[in-house]
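This report walks through one protein model. Please have the sequence and coordinates open while reading.

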Amino acid sequence: MLVSKSSIAKEAIEVAPRGNLNARLVYFNTLYTDSPAKTIHIVREAVREADNVSEKITPIVRIRDLGESSIDFEVKYWLEDYARYNDTDALVRQRIWYAFRRAGIRFAFPTRTLHVERKAQMEAAQMDGRGFIDRLSAVDIFAPLSVDETARLAQASASHIFAPGETVIRAGDQGSSMFVVHNGRVAVQVTDNGRPRTVAVLNEGDFFGEMALFTGEPRTANVVALEETEVLEIGYQAMKHLFATNPDLVESLSHTIAERRAGLSARPEDKEAVAEESAGLFNSIRRFFGLD
Ligand code: CMP
């Protein structure tokens, strides 16, 4: 932009960024083996959720260069409060790291051969499942399972890690899996008059996401990581398998769901209503999983 000296002296110069918001660029890269389309989608979704990233304009993710050892990307995002751009850039990088980790996308850097070998060893160590089996056997609803069943459940579950403040489950979404908190803590939040209200904080060994999984209804609340949190995701098929050999499981789940539904509404202490709802849920879960 060229501005003559005479205008600077005489007139106020107004810089009008798009939608009155200022943009930032954050750079990152991936290995050539990772799909650019997948990377673009994953990063866009991760970044648009970060605090201080404007909801008014969707972040743009694009390839800057096909580098020597990496695909080089940039993400352009718009800030609500420009003064906090350093912190927000940092948060955006952090969100990209966590999103990559969950999606199995890898950053590229010169020592990648060494890094890939180390990671393969680490994954092998993690895959022994021992931490997962211990965790699942301590979950109250899974207490009736045999050692073999718990081991199979651990094998069938997938671990995901979330950054502090990241949304694990969004109210209104469809969902066909539930989660056990392996490490960390999450808050269950509903929106009241446009503001988030925390109805429960769930710790290691607690589970969530069972309502949509067992009823087929949309997610009832947002579940947000309060710190770095690793969850174990358990899908429909794994649970269906367990129901066949553990009919009591349906009963304890019906009870938990009924209690939690009451906790979401304004009548948390109404024991009779919870018992009634629990009985109704018992039948609908059995139908939903084809157990009749
Ligand atoms: P789901 O509806 O699938 O997704 C949101 C989850 O939040 C829900 O399953 C429950 O696991 C959890 N949840 C909802 N209400 C409560 C509550 N009152 N106490 C604890 N957890 C809850």
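Which residues is Pro196 in contact with, leaving aside its neighbours within four places in sequence? The model is a predicted one. The answer comes first, then the wider picture.

## Pro196 and strand E8

With neighbours within four places in sequence set aside, Pro196 is in contact with Gln189, Val190 and Thr191. Pro196 itself sits in strand E8, which spans 195–202. Gln189, Val190 and Thr191 fall within the 186–192 range of strand E7.

Is Pro196 buried or exposed? Pro196 counts as exposed because its relative accessibility is 60%, and the cut-off for exposed is over 50%.

## Overall fold

The protein holds ten helices and eleven strands. Buried residues account for 39% of its 292 residues. The exposed surface comes to about 16,600 Å². Carbon and sulfur atoms supply 50% of that area.

Rolling a probe the size of a water molecule over the atoms shows where empty space is left. The second largest pocket holds about 590 Å³ of space. Its lining has 24 residues, and the closest to the pocket centre are Arg102, Phe162, Thr167, Val168 and Arg170. By class, the lining splits into eight nonpolar, seven polar and nine charged residues.

Which elements build this lining? At least two residues each come from helix H2 (36–48), helix H3 (85–103), strand E4 (158–162), strand E5 (167–169) and strand E6 (177–183). H2 gives the most, with five residues. Two domains take part: domain 1 (16–103) and domain 2 (129–288) each supply at least three lining residues.

## Two asparagines with positive phi

Asn52 has a phi near 75°, a positive value in a residue other than glycine. Asn52 lies in the loop that runs from H2 to strand E2 (60–66). Its relative accessibility is 5%, so Asn52 counts as buried.

Asn193 also has a positive phi, near 50°, and is likewise not a glycine. Asn193 belongs to the loop between strand E7 and strand E8. Here the relative accessibility is 82%, so Asn193 counts as exposed.

Glu80 lies in the loop between strand E3 (71–79) and H3. Which residues does Glu80 contact, leaving aside its neighbours within four places in sequence? They are Leu21, Asn52, Val53, Ser54, Glu55 and Lys56.

Glu80 and Asn52 are 28 residues apart in sequence, yet 5.2 Å separates their C-alpha atoms. Glu80 is partly exposed because its relative accessible area is 45%, whereas Asn52 is buried at 5%.

## Tyr236 and helix H8

Tyr236 is part of helix H8, residues 236–245. Not counting residues up to four places away in sequence, Tyr236 touches Ser176, Leu213, Phe288 and Phe289. Tyr236 and Phe289 are 53 residues apart in sequence, with a C-alpha to C-alpha separation of 8.6 Å.

Why does Tyr236 count as partly exposed? Its relative accessible area is 23%. Buried means under 20%, so Tyr236 does not qualify as buried.

## Gln155 in helix H6

Gln155 is located in helix H6, residues 147–156. Its relative accessible area is 68%, so Gln155 is exposed. Where does Phe132 stand relative to Gln155? The two are 23 residues apart along the chain, and 8.4 Å separates their C-alpha atoms.

Conventions. Residues numbered from 1 in each chain as written. Predicted model: local features only at pLDDT ≥ 70, side-chain atom pairs only at ≥ 80, totals over all residues. Heavy atoms only, no water. Helix = DSSP H or I, 4+ residues; strand = E, 2+ residues; numbered from the N terminus. Buried < 20%, exposed > 50% of the residue type's maximum accessible area, 1.4 Å probe, protein only. Areas by Shrake-Rupley, 256 points an atom, 1.4 Å probe, with all protein chains shown as cover. 1 Å grid on protein atoms, 1.4 Å probe; cavity = no way out; pocket = protein on both sides within 12 Å on 5 of 7 lines; lining within 4 Å. Points joined across faces, edges and corners; volume = space filled by probe spheres on them. Nonpolar A, V, L, I, M, F, W, Y, C, P; charged D, E, K, R; others polar. Domains from an automatic or database assignment. Contact = heavy atoms within 4.5 Å.
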